[in-house]
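I opened the notebook to go through this structure piece by piece.

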Amino acid sequence: MKKSMSPQCGRCESKECRDGMDCFSQTSNHRQLYQDNHIAELHKAASAIEERYYGKETRLGEIILFAKELGYKKIGLAFCIGLSEEAKIIDEILSKYFEKAGLQKTDSIGINPTILRSMLDMKIAIASGKGGTGKTTIATNLAYSIAQMGKAVQYLDCDVEEPNGHIFLKPYIKETHDATITVPEVNTELCDGCGKCGQLCQYSAIICLKNTPLVFEQLCHSCGGCMLVCPTDAITETQKPIGFVDSGAADSVKFVQGRLNVGDVRSPTLIKKVKERTANDGLVIIDAPPGTSCPVIEAIKGADFCLLVTEPTPFGLNDLKLAVGMVRELKLPFAVVINRSGLGDEQVYQYCDKESIEIILEIPDDRRIAEAYSVGKMIIEVLPEYRNDFLRLYESISKRKAGQKV
Ligand code: SF4
Ligand code: SF4
C-alpha cells in the first residue's frame, strides 16, 4: 500500500500493517511512547494475554485476565445510557472478579488489613460427617473473603467424587493434568504360576487362580510388592487413568480441584495428587469430601486446623459425633461451624457444650442464602456483611495457631 498521510484502512485490501508495514511512519513515535513505563506495562500485559488466550477466551474474559495481569483490584465501567441493561450484566460479571465500590473497610470492623495479611500461613481443612451441610459454602466464602484482603489464598477441592467449589468460585482453569495410578501388568509368557504375587498382596488386588494371576486394578494400592516378589520378572508396572487435576485461579484465589473418573473408587490417590499442588505459603483451604472414611482422612491429614461443618438436626448431630471422633483420633485441633442455625433443635449445642467443643461460627437459616446457593453464588456476593464473620473466623484460628488465647 502506498504511504498516505490520510489513513484509509477500511479500503485497504492488503493489510500489510499486520506484517509490520509502517504505513504512516509512526514507528519512532510508538517507540517513544513505550518509554513511558505505564504504557509499556499496558502493552506488555496486553501482548501476554493475547498470546495466551487469543481465540480461547471471550472479549470480556480477556478484559478480566488483562486487568488481573496488571494486578487491578477495581475496574471502572463506562457505558452509554442506551446500553444500561447490558452494563448491568457486565457489572454483575465483573463484580465476581473485582472489588465493588463502597465495600466496608476492614478497619471499621476492627481487623486491620495489614495485620490480616501478616496472619499465619496455614492449612485449614473444612470437613463434615455428612454431605450437604454447607462445607463448600464455608470453604469458598472463607477463601474468597481472605483473598479480598490481599492475603495469598489457595483453595483445594478434595471432594474429588463431586467437586463443586468451582460453581461458586468460577475459576479460570489454566491447566488440566491426567491423574494416573501405577498398577501391575503380568506377562503370561514369563509367569510360571508360582502364586507368590497373590500371597504377598494384602489387598487381594492380584490373585492366582489355577496358576494364572489375575489383577483387580481397583483394589491395587500401587505398592509394587508383587513386582518385587515375582521370581521370573513377569510383572511390570503400567499407568491407568483415574481422573484429572485442574489448576487455575478464581480472582486472586489459587484454585486446584480433582475430578475422579465415574465408577472409580481410588479417590484417596487422586486427593493425594491434588494436595501435591499445595502452595508453599499463604492460607490453604482444603475442601474435604464428606464422611469419615479414607478419602476424608487423606484430605485433612497434615492440616493445621479442621472446621467441622454441621447443621442443628438429629442427622447433623449423628454425623458430627463421628467427625469429632475422627479428628480427635488424628489429634487435629478443630472447632464447629453450625450452618442453618435456627433450624432443628438444641441437641448439637448441648453436645458441643458437654464435649467442650467450641462453636466458632453460626450461619443462620436465611432464605437469601439458600437462594444465592441455588444460583451458584457465594454468601458474601449477596450479603457482603458476612465477609466480616469469615475474616473473624480466620483471625480466631490464626491466633490459636500462634498460641494466643482468643
Ligand atoms: S502393587 Fe501392591 S497392591 Fe497392587 S497388586 Fe501388587 S502387591 Fe497388590
Ligand atoms: S509371582 Fe510372578 S511368576 Fe509367580 S504367579 Fe505371580 S506373576 Fe506369575
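This is a predicted model: local features need pLDDT of at least 70, side-chain atom pairs count only at pLDDT 80 or more; totals for chains, interfaces and linings use all residues.

**Entry: the sheet.** I find nine strands, ordered S3-S6-S7-S2-S8-S1-S9-S10-S11. The sheet is open and its pairing is mixed. I looked for the edges next. They are strand S3 (172–186) and strand S11 (359–364), each of which pairs on one side only. I also checked the turn between neighbours.

Entry: I picked S9 and S10. S9 covers residues 305–310 and S10 covers residues 334–341. Five bridges join them, and the sense is parallel. I traced one bridge: Cys306 has Phe334 of S10 as its partner.

**Entry: helices on the sheet.** Which strands does helix H16 touch? I note that H16 (residues 387–401) packs on the sheet against strand S1 (122–127), S9 and S11. Its direction makes about 170° with that of S11. Then I went to helix H10 (residues 267–275). H10 lies across strand S2 (153–157), S3, strand S6 (235–250) and strand S7 (253–260). Against S7, H10 runs at about 160°.

**Entry: H6 and H16.** I wanted the crossing of these two helices. Helix H6 takes in residues 135–148, and its axis comes within 9 Å of that of H16. The two cross at roughly 90°, so H6 is roughly perpendicular to H16. I listed the contact residues. From H6 they are Asn141, Leu142, Ser145 and Ile146. From H16 they are Arg387, Phe390, Leu391, Leu393 and Tyr394. By class, I record six nonpolar, two polar and one charged residue in this contact.

**Entry: H12 and H13.** At what angle do helix H12 and helix H13 pack? I read about 25°, with the axes 9 Å apart. H12 spans residues 314–329 and H13 spans residues 347–354. That angle makes H12 roughly parallel to H13. On the H12 side I see Pro314, Gly316, Leu317 and Leu320. They meet Gln347, Val348 and Tyr351 of H13. The contact holds five nonpolar and two polar residues, with no charged residues.

**Entry: a hairpin.** I moved to strand S4 (residues 206–209) and strand S5 (residues 212–215). They run antiparallel and are joined by four bridges. Two residues lie between them in the hairpin. In the turn, Lys210 has a positive phi of about 50°. I checked what faces what. Ile207 is opposite Leu214 of S5, and Cys208 is opposite Pro213 of S5.

**Entry: the ligands.** How many residues surround ligand 1? I count 13, the closest being Cys201, Ala205, Cys220, Cys223 and Cys226. This shell has nine nonpolar and four polar residues, and no charged residues. Ligand 2 is surrounded by 14 residues. The closest to ligand 2 are Cys191, Cys194, Lys196, Cys197 and Cys230. The ligand 2 shell divides into nine nonpolar, three polar and two charged residues.

**Entry: the domains.** Last, I looked up how the chain is divided. Domain 1 is 18–105 and domain 3 is 182–240. Domain 2 comes in two segments, 114–152 and 281–401. I noted one spacing: the C-alpha centres of domain 2 and domain 3 are 43 Å apart.

Conventions:
Residues are numbered from 1 along each chain as its sequence is written. Chains are lettered from A and ligands numbered from 1 in the order in which they are written. Domain bounds come from an automatic or database domain assignment. A residue is near a molecule or strand if its C-beta atom, placed from the backbone, lies within 6 Å of it. Ala, Val, Leu, Ile, Met, Phe, Trp, Tyr, Cys and Pro count as nonpolar, Asp, Glu, Lys and Arg as charged, and the others, Gly among them, as polar. Two strands pair if DSSP finds at least two bridges between them. Two residues are in contact if their C-beta atoms, placed from the backbone, lie within 7 Å. Axes are lines fitted to C-alpha atoms, for helices over the stretch in contact, and angles run from 0 to 180 degrees between N-to-C directions. Angles under 35 degrees count as roughly parallel, over 145 as roughly antiparallel, 65 to 115 as roughly perpendicular and the rest as oblique.
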